[in-house]
Amino acid sequence: MRPLPLAIAAVVVVLLVFVPWLASDVMMQFAIDALLLAVLAQAWNILGGFTGYVSFGNSVFYGLGTYGAAIAMAQFHLPFWVGILLGIVLAVLCALLIGIPILRLRGPYFAIATLGLAAAMGAIVSNLPIAGSNIGLVLPLIRADTMFYELSLGLLVLCTLTVLWVSKSRFGMGLVAIREDEDAAGTMGINTTVFKIVALVLSALFTAVAGSIHAYWISFIDPASAFDPTLNVRMVIMAVFGGPGTVFGPLVGSFILSAIYEYLASSISTAAALLFGIVIVLAVIFMPRGLANMIGGVRARGPRYFLQNIRENRL
Amino acid sequence: MSAPGENAAGATTRIPILQAEGITKRFSGLVSVNRVSFEMYENEILGLIGPNGAGKTTLVNMISGTLKPSDGELRFEGQPIDALPPYQRAHLGICRTFQVMKPFPGMSVLENVTVGALFGRGGEKVMAKARRSAREWIDFTGLSHRVDARADSLGGPDRKRLEFAKALAMEPKLLLLDEVMAGLNAVEVEEVIELIKKMRERGVTILVIEHVIKAIRSLSDRVLVLHHGEKIAEGDPAAVLEDPRVVEAYLGRRRQ
């Protein structure tokens, strides 16, 4: 990557650090939500964008992070960081356990198998007394939006730096090779099983921490909200909208979509979901390869870029 | 260690790099490759020919590890390799091209070849070094003018060059070329023949599957013929191509 985008990103991060001293309470709610969603999209990007494995199971890792924090804090009165660690351990164990059988599946079969996971995990947790069964858990109440904001921002920076490393490293080259042609990748000397599992574990780790932060911030969790499959759909949409397999695409994509949704929800609450759906449909038609691809394409070919996408999709 | 075929010209003194013994592949009742045994010697070019459906690609798949033999044993440099997955065979130096070219479509030419340098036998850990050696192989195969092009934007001959550059960047000891000349015109075939000769000069042992008999003639030290999954002839190219059984396999029985 050229130094300019990195310099811009560094400046933006520094400016973002100071947001809590300027923003209203409502703005802070939105900002924390947007940052955590961006983490989810970016973490999904490691597996879905770089490795080409479209996962609908990342909400499982999010839920486990949520419950890790909640169980540690509500049931055992342990500090927050222990909760985060517990969430990470649960999510990574789960990633290893399900990754080995499930990563053998390709394409739509992988997506379908992961889709089942969130539902299954929600059902399991609903029957565990330690996790508050189907009632849920209440975490110690704390009003510290600034802390949650800075934590979320820090996590997003960490996650993005990881993705940046992936994009430049030998490991990342292996992941992209798997995405492009897994059989060829294998015969070229890539241990595809290990690469895929490491990608899944990285993805699970960041997703879980986002879940832990969200749990403590919201301070109440139940199985339905922790293992919400629509959350996973949002991760996919945001990452794909921004540009899967790029470093900054999922970030920009998730911020823009969060902002659009927030604006629609506050101005015309009833039709917000509908309009949001229209935005997604238009995005898929005009820029199916995401924002990152569009910026390059428009710079090279101008408006013809959009026409070409329409033609390629035979619309 | 079994002796090589009697008519294996001058090969007796060399060391086998690959030994196949009684290799068999059955697909639910259908025998695709039937008890095929052969050896390849260091730095030789072995031509593998046979009519369509003879089992040539299946044999290559078993050597590269994408298919497991139903029976028989494969040894590479004296070590059995039957239990190794494809990526470990690549690390040993077994490298293949595909009949249907398999470049990584969304990657640039340079990135494609870099993958070979990063994960092949050389296994370069440093990205910058891997890129540098990838560039050298791209020059070697004459693809320097397309270094930054996306692999899926390349035309036929350039795709073959890319496939060669990827394979070479892996620093193979044994290279399995599966119909790399299919679809090329006479001039391009000539270029690829030269490229294969250049690879051999660098010490690579090469198995060439080809229907272009001219190429087989000018490249191969020995030729092995498969028909209905069985080895029907092996040895000196000129002699094998005149063998009545080989002619019959390709053209059918001559009327009396």
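This is a predicted model: local features need pLDDT of at least 70, side-chain atom pairs count only at pLDDT 80 or more; totals for chains, interfaces and linings use all residues.
Residues are numbered from 1 along each chain as its sequence is written, and chains are lettered from A and ligands numbered from 1 in the order in which they are written. Helices (H or I, at least four residues) and strands (E, at least two) are DSSP runs numbered from the N terminus.

**Loop residues worth a look**

- Asn43(B) sits in the loop between strand S2 (30-41) and S3 of chain B, and has a positive phi of about 70 degrees without being a glycine.
- His228(B) is another non-glycine with a positive phi, near 50 degrees; look for His228(B) in the loop between S9 and S10 of chain B.
- His228(B) counts as partly exposed because it has 15 C-beta neighbours inside 10 Å.
- Gly123(B) is in the loop that links helix H3 (109-119) to helix H4 (127-140) of chain B, and it too comes out as partly exposed, with 15 other C-beta atoms within 10 Å.
- Between Gly123(B) and Pro86(B) there are 15 Å in space, C-alpha to C-alpha, and they are 37 residues apart in sequence.

**The six-stranded sheet of chain B**

- Follow the order S6-S7-S8-S3-S9-S10 and you have an open sheet of six strands in chain B, with mixed pairing (two strands pair if DSSP finds at least two bridges between them).
- Its edges are strand S6 (94-96) and strand S10 (230-235) of chain B, each pairing on one side only.
- From one strand to the next, the twist averages 20 degrees.
- Helix H1 (residues 56-64) of chain B packs on this sheet and touches strand S3 (45-49), S6, S7, S8 and strand S9 (222-227) of chain B, at about 150 degrees to the direction of S7(B) (angles run from 0 to 180 degrees between N-to-C directions, with axes fitted to C-alpha atoms, for helices over the stretch in contact).
- Helix H6 (residues 186-201) of chain B lies across S3, S7 and S8 of chain B and runs at about 155 degrees to S8(B).
- Strand S7 (residues 174-178) and strand S8 (residues 205-209) of chain B are parallel partners over five bridges, and Leu176(B) has Leu207(B) in S8(B) as its bridge partner.

**The four-stranded sheet of chain B**

- An open sheet of four strands in chain B has the order S2-S1-S4-S5 and antiparallel pairing.
- Strand S1 (residues 16-27) and strand S4 (residues 71-76) of chain B run antiparallel, joined by five bridges; Leu18(B) stands opposite Phe76(B) in S4(B).
- Two bridges join S4(B) to strand S5 (residues 79-80) of chain B, again antiparallel, with Phe76(B) facing Gln79(B) in S5(B).
- The hairpin of S4(B) and S5(B) has two residues between the strands, and Glu77(B) takes a positive phi near 50 degrees there.

**Core**

- The largest nonpolar core has 168 residues, and Val39(A), Leu40(A), Ala70(A), Ala91(A) and Val208(B) have the most contacts inside it (a nonpolar core is a set of buried Ala, Val, Leu, Ile, Met, Phe, Trp, Tyr and Cys residues joined through C-beta atoms within 7 Å).
- Helix H2 (residues 25-50) of chain A is the top contributor to this core, with 15 residues.
- Leaving out residues up to four places away in sequence, Val208(B) touches Ile45(B), Gly47(B), Leu48(B), Leu177(B), Ile196(B), Ile216(B), Leu219(B) and Ser220(B).

**Where the chains meet**

- On chain A, 17 residues are in contact with 21 residues of chain B (in contact means C-beta atoms, placed from the backbone, within 7 Å).
- Helix H7 (170-180) and helix H8 (182-187) of chain A each supply at least two residues of the side touching chain B.
- H7(A) gives the most to that side, with six residues.

**Annotated spans in chain A**

- The unreviewed UniProt entry annotates "transmembrane region" on several stretches of chain A, including 30-47 and 80-103 (positions follow the numbering used here, feature names are shortened, and annotations may be inferred rather than shown by experiment).
- Residues 30-47 of chain A are 100% helix and 0% strand, with end C-alpha atoms 26 Å apart.
- Residues 80-103 of chain A are 96% helix and 0% strand, and their end C-alpha atoms lie 32 Å apart.

How values were computed: Two residues are in contact if their C-beta atoms, placed from the backbone, lie within 7 Å. A residue is buried if 20 or more other C-beta atoms lie within 10 Å of its own, exposed if 12 or fewer, and partly exposed in between; C-beta atoms are placed from the backbone.
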